[in-house]
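Thanks for coming, everyone. Let me put the structure up before I start talking.

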Amino acid sequence: MINLIIALWIIFFIYLAYLLFDYFRYKLLIKKLQKIPFPQEYQTYLENLYHYQKLPNDLKIKIERSILLFIKTKQFIGVKLHLTDEIKVIISFYACLIVLNKNECYENLKYIYVYPHTMMLNNIQNNGGIYNKEMFLISGEAVGDSVVLSWHETKKDAYHLRHDNVVIHEFTHELDFESGIVNGVPPLEKSKYDEWINIIGKNYQEFSKKISNHKSLEKYKLINPYGATNEAEFFAVVSEMFWTKPKTLKLHFPDIYKEYKEFFQFDTIKYF
């Protein structure tokens with residue numbers, strides 16, 4: 001019994017030592033990256049992006065550091081695609097933009113798979129013992145430790161300001177994963193939870209009801225119908241609006257805008 005207790009303590013201290021080593025290694029990496037000049041080639045890619053152009057100089061410097069850290073700590077994998085610095089920089093920019101003032105770097109995320117075009121997804125559904133196989137075309141997917149993206153859609157969204165942005169959408173899902181359950185409620189302070197459910201949840205329910213009953217959408221016509229799929233998709237779709245069409249979102253959904261502003265710690269309408 002004593003030997004078992006000693007063994008458990010040894011395992012505990014080894015695990016603790018590993019965590020400390022990993023923590024200090026991460027801090028050293030950040031310190032090292034602070035001294036590295038941002039590559040001019042990277043800068044050239046960023047200068048073509050509307051969101052980068054609109055950032056003040058201090059936030060440009062901040063996101064450049066974030067991009068270097070993101071590229072260094074995440075593994076990019078090209079699937080039938082030759083990965084280039086442009087691909088890594090553009091994806092990293094939008095991933096880092098939405099957490100720029102939250103000082104996060106997606107701790108649980110390890111891999112980013114990039115396909116040249118939209119991907120075909122096979123979905124098998126069981127309806128009372130009868131299995132149906134459906135096929136969907138998707139431009140991105142988030143699965144916890146991995147994000148899958150179409151470079152064609154990513155590039156189109158990045159270089160031409162649109163209502164949609166697949167990188168923002170999928171990385172919003174990654175933030176949703178951090179709460180443990182993908183349900184459209186990201187990690188929040190306890191004091192903010194009820195307010196989020198009351199505002200975001202009720203808007204989703206109203207939107208979904210209008211879509212299901214084929215009623216007049218009224219102001220909800222401004223939201224991508226895909227957001228009515230479930231709470232998680234509503235969170236991601238409206239996040240795209242928050243970053244790409246903030247004036248529209250604030251004008252028609254001021255309560256939602258307020259919640260997103262507080263969560264992302266960013267007043268998008270001020271810059272974009």
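First, the ground rules. This is a predicted model: local features need pLDDT of at least 70, side-chain atom pairs count only at pLDDT 80 or more, and totals for chains, interfaces and linings use all residues. Residues are numbered from 1 along each chain as its sequence is written, and side-chain values use heavy atoms, with hydrogens and water left out.

Overall fold. The protein chain has 12 helices and six strands. Those are DSSP runs, numbered from the N terminus: helices are H or I with at least four residues, strands are E with at least two. The chain has 272 residues, and 40% of them count as buried. Buried means under 20% relative accessible area, exposed means over 50%, and partly exposed is in between, with a 1.4 Å probe and protein chains only. The exposed surface comes to about 15,400 Å², with 56% of it from carbon and sulfur atoms. Those areas come from the Shrake-Rupley method with a 1.4 Å probe; for residues, only the protein chains shown count as cover. Now contacts, meaning heavy atoms within 4.5 Å. Among contacts with a separation of 6 or more, 65% join residues 24 or more positions apart.

Confidence next. pLDDT is the predictor's confidence in each residue, from 0 to 100. The chain has a mean of 86, and 81% of residues reach 70 or more. Helix α5, residues 85-97, is highest at 98. Strand β4, residues 130-138, is lowest, at a mean of 53. Where pLDDT is low, the predicted coordinates should not be read in detail.

On to charges. Side chains of opposite charge can pair when their charged atoms come close. Our rule for a salt bridge is a side-chain nitrogen of Lys or Arg within 4 Å of a carboxyl oxygen of Asp or Glu. How many salt bridges does the structure hold? Eight.

Look at K192 and E262. Their closest N and O atoms are 3.1 Å apart. K192 is in helix α8, residues 190-212, and E262 is in helix α11, residues 254-264. That puts the partners 70 residues apart, so this pair links distant parts of the chain. K192 is partly exposed at 30%, and E262 is partly exposed at 32%.

K258 and E195 pair at 3.1 Å, N to O. K258 sits in α11 and E195 in α8, 63 residues apart. Both are partly exposed: K258 at 38%, E195 at 27%.

E262 and K258 meet at 3.1 Å, N to O. They are four residues apart in the helix, about one helical turn. Put together, K192, E195, K258, E259 and E262 are linked in a network of salt bridges.

Now the rings. Rings of Phe, Tyr and Trp (its six-membered ring) pair if their centres lie within 6.5 Å; planes under 30 degrees apart count as stacked, over 60 as edge-to-face and the rest as tilted. That gives 30 aromatic pairs. Take W243 and F264: centres 5.6 Å apart, planes at 80 degrees, so edge-to-face. W243 is in helix α9, residues 231-244, and F264 is in α11, so the pair ties together parts 21 residues apart in sequence. Both are buried, W243 at 0% and F264 at 1%.

Y271 and F272 make a tilted pair, 6.2 Å centre to centre, with 55 degrees between the planes. Y271 is partly exposed at 22%, whereas F272 is buried at 11%.

F263 brings charge back in. K102 lies over its face, 4.1 Å from the ring centre. The rule here is NZ of Lys or CZ of Arg within 6 Å of the ring centre and within 35 degrees of the ring normal. K60 does likewise over Y52, at 5.0 Å.

Last, the backbone. Most residues other than glycine have a negative phi. Which way does phi go at H214, positive or negative? Positive, near 55 degrees. E218 is also positive, at about 50 degrees. H214 is exposed at 73%, and E218 is exposed at 52%.
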